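User: I would like to go through this model by question and answer. Please give the cut-offs as the terms come up.
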Amino acid sequence: MRLLFDKNTWQEIFGSIGKNKTRTIITVIGVLWGIFIYIALAGAAKGLDNGFERNFETVAKNSLWAWTNRTSIPYGGFKIGRAVPLKVGDAEVLRNRIPEIEYIAPVNTKGVFGGEAALTVRGLKSNSYPVYGYFPEIAKMATQKIYDGGRFINEEDMEYSRKVCVIGERVEQEMFEEDENPIGAYIRVENVYFQVVGVHKFSQTTPFGTDGDIFIPFNTFKKLYNTGESAQFFTIAAYDDADVVQVEKDVKRVLKSIHRVHPDDERAIGSFNLGEIFGRIMGFAQGITFLSLIVGLATILAGVIGIGNILLISVKERTKELGIRRALGATPGEVRTLIILESVFLTMLAGVIGIILGAGVLSIINMMTASNTDFPYTNPTVPIPLVIGALLVMVILGTLIGLIPAQRAVSIKPIDALREE
Amino acid sequence: MIEIRDLHKSYQMGSNSLHVLKGINFKAEEGELVAIMGSSGSGKSTLLNILGMLDEADTGDYILDGVKIEKLSETKAARYRNKFLGFVFQSFNLINYKTAMENVALPLYYQKVSRKDRETKALKYLEQVGLKEWANHLPSELSGGQKQRVAIARAMAAEPKVLLADEPTGALDSTTSYEVMDLIQQINDQGNTILVVTHEEDIAHMCKRIIHLRDGVIVEDKKIDQVRASEYVQ
């Protein structure tokens with residue numbers, strides 16, 4: 001220990017390292033590469049993780065959608081193949097029976113699952129877009145990014161069945177000139193004039209959302225298409241701490257009991273569970289993080305073994321020098337310490353340079369991807385404990401690997417070492 | 001200063017045992033300059049290695065400055081070497097990436113002398129061998145004679161009790177050899193005990209006493225009139 005803090009020891013080590021530059025550089029590159037890969041991979045994995053997180057940040061992470069199909073099992077006196085009619089009122093029943101549900105809203109659509117998209121006209125421009133009948137609550141489940149000056153559908157729009165709409169970004173581009181402000185303007189949807197109150201950016205509002213669609217209040221939709229009390233599907237968001245998979249099962253069970261569907265009928269009620277998908281993607285990202293950790297550590301290990309290898313060769317080369325040192329009075333302990341400290345010092349030096357380079361590359365990647373929001377990659381960082389852990393691993397491995405050449409160095413008798421030519 | 005009693009040493013060469021030293025007895029007082037002569041294979045280098053604690057005798061006593069040297073661990077041998085002995089080798093054995101001064105200072109490093117004192121001392125001994133201006137040169141930039149003088153300075157730097165020189169002139173031409181011997185004589189004049197292994201008659205006669213070894217035994221041990229090397233040096 002005393003040796004470790006002795007200035008003279010370090011002068012000897014620097015002397016030996018500095019005078020054998022080629023060896024030092026080659027040795028350092030091995031570990032440097034290892035730690036560089038480790039940092040770059042761990043950072044990239046974290047960036048991917050953050051990127052996924054960001055892509056899902058607009059939508060409640062434990063949301064799910066439920067709809068109905070035709071039955072596949074005859075039940076309660078009904079024949080097979082009966083269409084199950086989803087009702088707006090089912091939402092209230094679901095909310096009452098399943099306490100884990102935070103928000104639930106029925107949705108009707110046209111032009112999404114069959115049916116013709118609504119012909120939309122403004123002046124000489126016309127196109128067909130799918131139309132969604134939305135409750136204002138949708139905004140709480142999936143944050144709607146509304147452009148400046150606009151708003152989402154609100155309670156009053158619902159109450160008075162106002163003819164207002166929120167249009168997608170693409171609709172704006174296709175229906176309006178570039179310098180026009182769409183807010184407050186009118187467009188004709190299915191021959192009814194709607195006032196545009198907002199423009200939304202593409203968002204994962206539903207798994208089938210695009211930016212070329214039109215949102216109108218649910219009640220307006222009901223009147224426009226005469227859908228009465230039927231609903232096409234429900235958008236449901238469970239509380240953050242709820243088990244989404246269980247909520248999904250409960251929703252299906254309740255819907256089956258309301259509509260007298262056989263409990264084992266898998267086809268009658270369909271659902272899409274974003275929470276589960278999200279969980280899987282995050283699991284995937286964690287898997288990548290774990291993998292990058294393993295790969296990184298393995299690369300560091302390879303690098304450190306490389307250091308051991310080169311030190312072993314260098315000990316062979318330096319047999320005579322070490323013999324001279326021992327003839328002049330170096331104890332085996334001092335020779336061993338010299339070799340081990342050289343190993344640890346080279347490992348650390350390489351490690352620190354590798355960390356700096358890795359961090360540099362990460363920040364360059366970050367700069368390059370910062371403007372690209374479609375790519376799931378944000379803010380790649382490596383947690384400090386991982387970096388310190390890697391450094392510790394390197395010191396330990398460096399010591400262990402240094403033991404081999406160190407032992408070899410002292411196992412040769414000084415007299416044999418001196419005879420070596 | 002040095003006392004050796006009934007020293008035996010044999011080497012195992014495969015299944016054969018090679019008896020190199022077959023009972024060596026001799027004493028060297030402080031301030032002596034002894035030449036150990038003999039043809040190759042006579043055991044003179046083995047004797048020197050045992051004296052230098054680089055090798056160990058099988059049986060027999062070795063007393064250095066009143067200390068009995070026996071059953072040394074590597075660590076203890078290293079400490080003794082550092083404290084008692086200075087080495088000069090035929091092939092100089094300088095560390096090639098260290099400057100002359102750093103080479104001379106190395107034994108002092110192992111004596112835990114501070115860097116500043118090491119440098120001062122190293123310069124002092126380099127001056128003594130006349131190479132002060134070469135202090136910052138690497139061994140590769142020095143001639144053979146200069147290298148050996150650096151090696152002698154290094155051996156002296158630790159201020160050892162005994163200087164052991166193994167064929168110090170073996171790799172040098174005669175002019176340079178005499179210069180080196182002149183230096184060794186000067187050091188001896190200062191009162192240092194020196195043992196020189198050589199097979200050259202003229203070098204041996206520059207010492208004060210010659211011990212002849214043949215086949216592992218001392219066949220002759222005589223005091224001689226020293227030839228001063230300075231006579232041959234301009």
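User: Among contacts in chain B between residues at least 6 apart in sequence, what percentage join residues at least 24 apart?

Analyst: This is a predicted model, in which local features need pLDDT of at least 70 and side-chain atom pairs count only at pLDDT 80 or more, while totals for chains, interfaces and linings use all residues. Residues are numbered from 1 along each chain as its sequence is written, with chains lettered from A and ligands numbered from 1 in the order in which they are written. Two residues are in contact if their C-beta atoms, placed from the backbone, lie within 7 Å. Among the chain B contacts between residues at least 6 apart, the share joining residues at least 24 apart is 69%.

User: Which element gives the most residues to the side of chain B that touches chain A?

Analyst: On this side, 20 residues of chain B are in contact with 20 residues of chain A. The elements giving two or more residues are α2 (74–84) and α3 (100–109) of chain B; helices (H or I, at least four residues) and strands (E, at least two) are DSSP runs, numbered from the N terminus. With six residues, the element that gives the most is α2(B).

User: On how many sides of α7(A) do the buried residues lie, and why?

Analyst: In helix α7 (residues 218–225) of chain A, the buried residues are A:F218, A:T220, A:F221 and A:L224. Buried means that 20 or more other C-beta atoms lie within 10 Å of the residue's own, with C-beta atoms placed from the backbone. The arc is that of the directions from the helix axis to the C-beta atoms. Because these residues cover an arc of only 155° around the axis, they are on the same side of α7(A).

User: How are α3(A) and α8(A) oriented to each other?

Analyst: Helix α3 (residues 90–97) and helix α8 (residues 244–258) of chain A pack with their axes 10 Å apart, at an angle of about 130°. Axes are lines fitted to C-alpha atoms, for helices over the stretch in contact, and angles run from 0 to 180 degrees between N-to-C directions. Angles under 35 degrees count as roughly parallel, over 145 as roughly antiparallel, 65 to 115 as roughly perpendicular and the rest as oblique. The two helices, α3(A) and α8(A), are therefore oblique.

User: Which residues of α8(A) make the contact with α3(A)?

Analyst: From α3(A), the contact is made by A:D90, A:V93, A:L94 and A:R97. The α8(A) residues are A:V251, A:V254, A:L255 and A:I258.

Key
Buried ≥ 20, exposed ≤ 12 C-beta atoms within 10 Å, placed from the backbone.
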